[in-house]
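Hello,

I am handing over the structure we talked about, and my notes on it follow below. Have a look at it first, then read on whenever you have a moment.

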Amino acid sequence: MNLTFQKRRLQGIELKELDYSGLDLSNMQAHGAVLESCTFTDCDISLADLANTTIEDCTFVNCDFRMSSFHLSKIRRVRFERCDLKRA
């Protein structure tokens with residue numbers, strides 16, 4: 001699946017118990033989003049604004065988070081495998 005949500009505003013969205021692969025989420029704004037029990041593989045999440053986001057029980061594999069913001073986010077029981085978190 002190669003969907004793109006590049007530069008989209010997804011404030012308050014709730015994503016639960018889903019598997020995502022190949023998504024382009026770069027430059028998205030997702031203030032207050034909830035990500036729960038999801039797996040993200042080979043996703044571009046660079047330059048994303050994830051302020052005040054709740055991320056729980058998620059796994060990120062080979063994802064690009066370069067220069068993304070997690071300001072005031074709640075991150076619990078999350079695994080990052082082979083992800084690029086430079087300047088995040």
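Among contacts in the chain (heavy atoms within 4.5 Å) between residues at least 6 apart in sequence, 1% join residues at least 24 apart. Please keep in mind that this is a predicted model, in which local features need pLDDT of at least 70 and side-chain atom pairs count only at pLDDT 80 or more, while totals for chains, interfaces and linings use all residues. Residues are numbered from 1 along each chain as its sequence is written, and side-chain values use heavy atoms, with hydrogens and water left out.

Now to the secondary structure. The chain has eight strands and zero helices; both are DSSP runs numbered from the N terminus, helices being H or I of at least four residues and strands E of at least two. Along the sequence the pattern therefore reads β-β-β-β-β-β-β-β.

Four of the strands make an open sheet in the order β1-β3-β5-β7, with parallel pairing; two strands pair if DSSP finds at least two bridges between them. At the edges are β1 (14–16) and β7 (74–76), each of which pairs on one side only. From one strand to the next the twist averages 0°, where axes are lines fitted to C-alpha atoms (for helices over the stretch in contact) and angles run from 0 to 180 degrees between N-to-C directions.

Within that sheet, β3 (residues 34–36) and β5 pair in the parallel sense over three bridges. Thr54 belongs to β5 (residues 54–56), and Val34 stands opposite Thr54. Leaving aside residues up to four places away in sequence, Thr54 touches Ala33, Val34, Leu35, Lys74 and Arg76. Thr54 has 19% relative accessibility and so counts as buried (under 20% relative accessible area; exposed is over 50% and partly exposed in between, with a 1.4 Å probe and protein chains only).

For the chain overall, 39% of the 88 residues count as buried. The accessible surface comes to about 5,200 Å², of which 47% belongs to carbon and sulfur atoms; these areas come from the Shrake-Rupley method with a 1.4 Å probe, and for residues only the protein chains shown count as cover.

What about the cysteines? The count is zero disulfides, taking a disulfide as a pair of cysteine sulfur atoms within 2.5 Å. Cys43 is in no disulfide, and the nearest cysteine sulfur, that of Cys63, is 4.6 Å away, which is too far for a bond. Cys43 counts as buried at 2% relative accessibility, and Cys63 is buried with a relative accessible area of 2%.

Phe40 and Phe60 form a stacked pair, 5.0 Å centre to centre with 10° between the planes. This pair links distant parts of the chain, with Phe40 in strand β4 (residues 39–41) and Phe60 in strand β6 (residues 59–61), 20 residues apart. Phe40 is buried at 2% relative accessibility, and Phe60 is buried with a relative accessible area of 2%. The rings of Phe65 and Phe70 have centres 5.7 Å apart and planes at 45°, so that pair is tilted. Phe65 counts as buried at 2% relative accessibility, and Phe70 is buried with a relative accessible area of 18%. Ring pairs link Tyr20, Phe40, Phe60, Phe65, Phe70 and Phe80 into a cluster.

Best wishes

Note on methods. Phe/Tyr/Trp six-rings, centres within 6.5 Å; stacked < 30°, edge-to-face > 60°.
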